[in-house]
Amino acid sequence: MFGIMNKLSGANLEKLSSEAVEILLKRDHEFRLRVSSLIFDKAIAEHMFAGVLADCAVIIHKEFPEISEDFTIQARMFTKLYDINTTLTYPQVTEADYEDRVIQWMRQKEKRRGYAKFLTQLFVRHLITEEVMSAAVQDVISEMSNAAKQLKSEQTEENTTQYVDFLFESVKVLPASAKTLRDTIKTALSNLLALPRPDLPSLCMRSRFRMEDALKCV
């Protein structure tokens with residue numbers, strides 16, 4: 001299964017996904033859980049493949065509808081993945097192990113971004129419900145608003161930036177039919193941007209521009 005997921009692409013999607021199904025048919029419930037975890041972990045760690053991995057999940061779902069339950073459980077890991085107390089910030093050049101710290105910062109940032117992308121890809125393919133997607137969006141909006149209003153520090157600014165990135169990645173993929181979700185994001189971003197800048201000390205200009213870009217996608 002590792003080999004299949006590592007080779008998966010748009011060109012061989014049907015073939016390799018069918019091979020994955022054949023393997024799953026010969027194994028038990030625990031193995032399916034491990035495979036769904038593998039797909040989820042790979043998609044958020046390598047988010048450029050989020051779409052094709054979600055397409056693979058759709059094919060597997062036809063034979064194993066329980067995989068939706070697996071993804072729902074993993075989708076609810078928001079509070080663990082976005083633990084604000086563990087958010088890494090870009091290190092100072094003078095810090096020990098500077099290069100290693102930069103890599104750790106990038107990995108965490110990209111993994112959180114990947115979570116947003118894959119969650120939305122699962123939603124548009126009906127592999128998780130709107131209720132699950134909405135709960136994640138509402139959590140992000142609440143945390144983003146709180147973080148943006150905190151006294152500025154490297155960590156509060158980084159947290160705010162990553163919450164904004166979550167909404168940006170989501171709204172890019174959400175279809176027009178997901179009007180409630182799109183309207184929720186639009187209202188939240190518009191309301192936050194309407195506040196005086198001094199009220200949002202941890203909302204940097206980069207995040208403001210990203211929020212404006214997100215609003216253009218709604």
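His 126 follows α7 and has a positive phi, near 65°. The model is predicted. Helix α7 itself covers residues 98-124. Its 27 residues should span 39 Å at 1.5 Å a residue, and the end C-alpha atoms are 39 Å apart, so the two agree.

Now the charged pairs. The count comes to 14 salt bridges. One of them joins the side chains of Arg 32 and Asp 70, at 2.9 Å from N to O. This pair links distant parts of the chain. Arg 32 sits in helix α3 (residues 29-45) and Asp 70 in helix α5 (residues 67-75), 38 residues apart. Both Arg 32 and Asp 70 are buried.

Arg 206 and Asp 165 also meet in a salt bridge, 2.7 Å from N to O. Arg 206 belongs to helix α11 (residues 205-217) and Asp 165 to helix α9 (residues 154-173), so the pair ties together parts 41 residues apart in sequence. Asp 165 is buried, with a relative accessible area of 8%. Arg 206 is partly exposed, at 36%.

Helix α11 also holds a local pair. The side chains of Lys 216 and Asp 213 form a salt bridge of 3.9 Å, N to O. Both residues lie in α11, 3 residues apart, about one turn of the helix. An α-helix has 3.6 residues a turn, so residues three or four places apart point the same way. Lys 216 counts as exposed at 68% relative accessibility. Asp 213 counts as partly exposed at 33%.

Finally, a network. Salt bridges link Glu 110, Arg 113, Glu 169 and Lys 172.

Methods. Residues are numbered from 1 along each chain as its sequence is written. This is a predicted model: local features need pLDDT of at least 70, side-chain atom pairs count only at pLDDT 80 or more; totals for chains, interfaces and linings use all residues. Side-chain values use heavy atoms; hydrogens and water are left out. Helices (H or I, at least four residues) and strands (E, at least two) are DSSP runs, numbered from the N terminus. The expected span of a helix is 1.5 Å times one less than its number of residues. A salt bridge is a side-chain nitrogen of Lys or Arg within 4 Å of a carboxyl oxygen of Asp or Glu. Buried means under 20% relative accessible area, exposed over 50%, partly exposed in between (1.4 Å probe, protein chains only).
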